[in-house]
Amino acid sequence: MRPATSSFLDLLRIVAALLVFTNHNVQFWNLQICSVTNPLSHSAVVIFFVLSGYVIAYSTFARNQDARKFVIARLSRLYSVILPALLLTALLNPIGRSFDPAFYDYHSRGSELPRYVLAIFFLQNVGTLSASPPTNLPFWSLSYEFWYYALFGVAVFVRPRLWRWLAMFAIVLLITPNILLLLPCWLIGVAIYVYRERLALSPTQARWGFALSGAATLAIIAFLHQLPFPLGEQPLWFSAPFLSDWITAVAVGAMILTFDAAKFGAPPTRGAAAVRFGADHTFSLYLYHYPLLIFANAVLPLGKDPLRQLLASGGIFAVVLLLSTFTEARRDAWRKFFTWGFDLVARRFARA
């Protein structure tokens, strides 16, 4: 991958994570502003899906991953943050609830233990479920991501063909309708990586295309109404505006495709390193901030004081970076663990 493209993808990831973080803070500050930022936050998750498809295709094909490496890489990436996020949520909930039970009851949304169990196995949004862990709403998208990985892995690695199609059919049945509805967003990322070299544009044409697709992306995110249904409407929940999400994904995909074709020069080393550092903490920011935010609003006397709210948000951001240093940044340890587990299971099956 070109250094400029890699940095651009990292920058998109940072912007998307900050949009989600900002929107969730605004939910507790000003509901009128939140009505504007909430659709932007959902569009940020669509950006994550497109980026994910592109990066997974790159990691699989450019690095010649086999099934073993693919499974280990995906599980270590996910669980390096998912398990700590669930633990953080479970630790903060009883403490925060002791300060403000009504506040926590409002944000917990039902039975807690089943939601944790579903989240561990990425089942919180299969079918028409909407069962994210209590006080950690962003977990919804992880169920989508995991099953996209699973479908992609089966399509690429499972042989013979009959077993591949049977496995894919079983996954599709499980994730229909909600998760399946946003699969095109993820596949757009895969497609633009696989077919990127077929775009017959000169660098100058690609730069004009990047400018136009970038402007279109901003306009779509800012002004396109959620179609066909508003976000959160039952029974589709987060997939309710799937048509507008597909349009957003096409625009984002065009922006990435034309940026890569424009063949921009490599970014300054320090700037690229700073962007890489920020991108390395976006997954943690996405999954850690919401239980911390609810805890802070339940425990601290924030009220409607903007200064206190900003200080609390800054404190949450700092805590996320600290936690990320010992979780997401230690993916090598998780990779070793899943390598050991994968090989252990493989040996057991070989003996059977």
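This is a predicted model: local features need pLDDT of at least 70, side-chain atom pairs count only at pLDDT 80 or more; totals for chains, interfaces and linings use all residues.
Residues are numbered from 1 along each chain as its sequence is written, and side-chain values use heavy atoms, with hydrogens and water left out. Local features need pLDDT of at least 70 and side-chain atom pairs pLDDT 80 or more, whereas totals for chains, interfaces and linings use all residues.

Helices are DSSP runs (H or I, at least four residues), numbered from the N terminus. The axes of helix 9 (residues 183-194) and helix 11 (residues 242-262) approach within 9 Å and cross at roughly 15 degrees; axes are lines fitted to C-alpha atoms over the stretch in contact, with angles from 0 to 180 degrees between N-to-C directions. The two helices are therefore roughly parallel (angles under 35 degrees). In contact (heavy atoms within 4.5 Å), Pro 184, Cys 185, Ile 188 and Ile 192 of helix 9 meet residues of helix 11 including Trp 246, Val 250 and Leu 257.

Twelve salt bridges were counted, each a side-chain nitrogen of Lys or Arg within 4 Å of a carboxyl oxygen of Asp or Glu. One of them joins Glu 328 and Arg 77 at 2.8 Å, N to O. Glu 328 lies in the loop between helix 14 (306-326) and helix 15 (331-351) and Arg 77 in helix 3 (residues 67-99), so the pair ties together parts 251 residues apart in sequence. Glu 328 is buried, with a relative accessible area of 1% (buried is under 20%, exposed over 50%, partly exposed in between; 1.4 Å probe, protein chains only). Glu 197 and Arg 196 form another salt bridge (3.6 Å, N to O); Glu 197 is exposed at 55%, and Arg 196 is partly exposed at 22%.

Conventions: Angles under 35 degrees count as roughly parallel, over 145 as roughly antiparallel, 65 to 115 as roughly perpendicular and the rest as oblique.
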